[in-house]
Amino acid sequence: MKKISVRTSDGQEFELEENLAMESATIKTSLDAFSRDDIILLPNVNSWEMVKIIEFFTKVQELETKFGVKFMEKKEGRFLEAFQAEFDKDLSDDNLYCLLWTVDYLGIEVLLENLCHLMAERTKNKTVESCRNLFGVQHDYTPEEEAEIREDYSWAFEGPEIEE
Amino acid sequence: MSSSAETVANIEGLLKQILISVPALSLIRFKCVSKHWLSLISDPDFCRRHTLRNPNPKISAFFSSQTNQDTTINFITLGSPSGNPFKTLANSASALRILQSCNGLFLCYVEFPGEEKERNYPSVYVVNPTTNKFRALSAPSLVKKEEMYMFVRYGLAFDPSKSPHYTVVCVSHDILRGKRHSIEIYSSETGTWVKRFKAPFFPSPSDEGRHIDTRNMPMHFDERSREGAVYCNGAIHWIRNGWEASLPFCSRRNGVVETVGFERNELDVLHYYDIGEESLRLAAATPPVPLVVKNIPLKKKHKFPTEFPRLIDRYFGESGGGCLYLIEVFEQCKTEFEVMEMERDYSGWFVKYHVDLSLVVAPLPGQDPNAFVVLFLSRDVETDGEDSSTDLWLHMPGKVVSYNLRNKSFKTSVELVNRELFLALDDDEYEGDNYPYMETLACV
């Protein structure tokens, strides 16, 4: 199997199997444009992110063997749960957010979908303020405007606002 | 990243992809994050996609058909949300009545509307308490005719796993004349009523040869059927009111054999409108006679019953997984009842479980087993087939419990904030229910 070389922003080089590399729309585009022997530069990708992505593909292959299901082709409930559990640990909210961006940039659809789902799980119990911090959103309501919304939906804010 | 416009588009796309998997309750709170988030979350297109993506939200609370003095609707929450999402409509001088709950949307009408002409045929509303939005449906054309004696029934069909849009069915007939029902369908997509067709009345074989004044018309779809419908499996269903569905005591002699016992009244049928087939149908098989009634002892002489069954509550609904259930509680023995299910082909009711509540409350010290209200029957849809478990959700003073019918074991018990709260249903005057609520961003 042909190996594709990539270099991340911090100068580290990785070798990916061709079929895995092709899962990234961005890499695929590069490969189509240039020779396969060249190293593909990925200035927007950190080495730790590349490690995670390779981990993902390895995990997928493991789980595919274990559950006998083609992950890329069909969404299997238990498989997804196992995958999510695996990826959930050791990833801080901010790291998850960065990884999301990178995977979006690389155009790896199937991993992106799962990470979005994971992100949604992490987000749902956050307070409004935490959300702003995590997503880097500017607070553009006046106190009166925000109070009005909180009043309209007061029932949703009753009880403790949960924070992970 | 390339140009800033692309970046902005990417942010938007990525954000939507994340938020579409966030549950509705959280998204309502996140309207406060920023104006951009508010517009994103309130966008009807996003709401429709979110609804399709999250078609089976868990039941989080129940609304009672009872209303308070201040016309707010009572509710029982299973934890979160802790506040009551149901606000009364704009003209809050009138009490709002829930007719039906369907996957997070509610079909309602205003009980005592101010306007004279509205009084006989109150218009219906489709309400989404989660988003604080409602739509007042224009009156169907037949209602505009101002006929004095109209029979009308409405039903809401909303299946978010299939479509983000809903339909409302209106079945009616003129009581004094006409031999057919008129059926009109409202589509949320078009915002209009479409006259579908006329459906003939259901024949009453037992009325053959009877004088018109003594006819029973047991199969006729009329006032004897409940106002509130149940949507299940692509059809809208109406059962008879509890007070209509008595169990007469019959004594029949067939030659030598004499059968004596309580029977179901033949009018205790189920009517339903099949949306796909566009037809109004009848499931004529009456439910089996409950054990509690069968066990009413007869006097030694005369073979007459020592007492007559008194039906206290009749619960009719849909358990997750597309099954209709019927539970009846009799005064003779409130703590024993059957959970009946309707066959998928509507050929009849069968008893799925016998419940003895005295066993259920055994682990709860000091709990009066007679003080309860059935909330819901839920089926674990994931594990269908042999392993599927059905949970019976009950409301007792100050708590909500769920009881697994297969294992006959307790699952959870939610303590309500108000320990004294007990939303027992109003009895005779109005046959109401406790309607399940789940959060949804569905557009009305």
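Asp93(A) is partly exposed, at 24% relative accessibility, where buried denotes under 20% relative accessible area, exposed over 50%, and partly exposed the range in between (1.4 Å probe, protein chains only). In this predicted model, local features need pLDDT of at least 70 and side-chain atom pairs count only at pLDDT 80 or more, whereas totals for chains, interfaces and linings use all residues. Side-chain values use heavy atoms, with hydrogens and water left out, residues are numbered from 1 along each chain as its sequence is written, and chains are lettered from A and ligands numbered from 1 in the order in which they are written.

Asp93(A) forms a salt bridge with Arg122(A), with 2.8 Å between the closest N and O atoms; the term requires a side-chain nitrogen of Lys or Arg within 4 Å of a carboxyl oxygen of Asp or Glu. Because Asp93(A) belongs to helix H5 and Arg122(A) to helix H6 (residues 109–123) of chain A, the contact ties together parts that are 29 residues apart in sequence, helices (H or I, at least four residues) and strands (E, at least two) being DSSP runs numbered from the N terminus. Arg122(A) is buried, with a relative accessible area of 10%. Over all chains, the search of the whole structure finds 26 salt bridges.

Within helix H8 (residues 143–152) of chain A, Arg150(A) and Glu146(A) lie four residues apart, about one turn of the helix, and their side chains meet in a salt bridge at 3.1 Å, N to O. Arg150(A) is partly exposed at 28%, while Glu146(A) is buried at 11%; both take part in a network of salt bridges that also links Glu129(A) and Arg132(A).

The search of the whole structure also finds 22 aromatic pairs over all chains, counted where rings of Phe, Tyr and Trp (its six-membered ring) have centres within 6.5 Å, with planes under 30 degrees apart classed as stacked, over 60 as edge-to-face and the rest as tilted. The ring centres of Tyr97(A) and Phe135(A) are 5.4 Å apart and their planes lie at 75°, so this pair is edge-to-face. It links distant parts of the chain, Tyr97(A) in helix H5 (residues 93–106) and Phe135(A) in helix H7 (residues 128–135) of chain A being 38 residues apart. Tyr97(A) is buried, with a relative accessible area of 16%, and Phe135(A) is likewise buried, at 8%. Tyr97(A) and Phe135(A) form one aromatic cluster with Trp101(A), Phe30(B) and Trp37(B).
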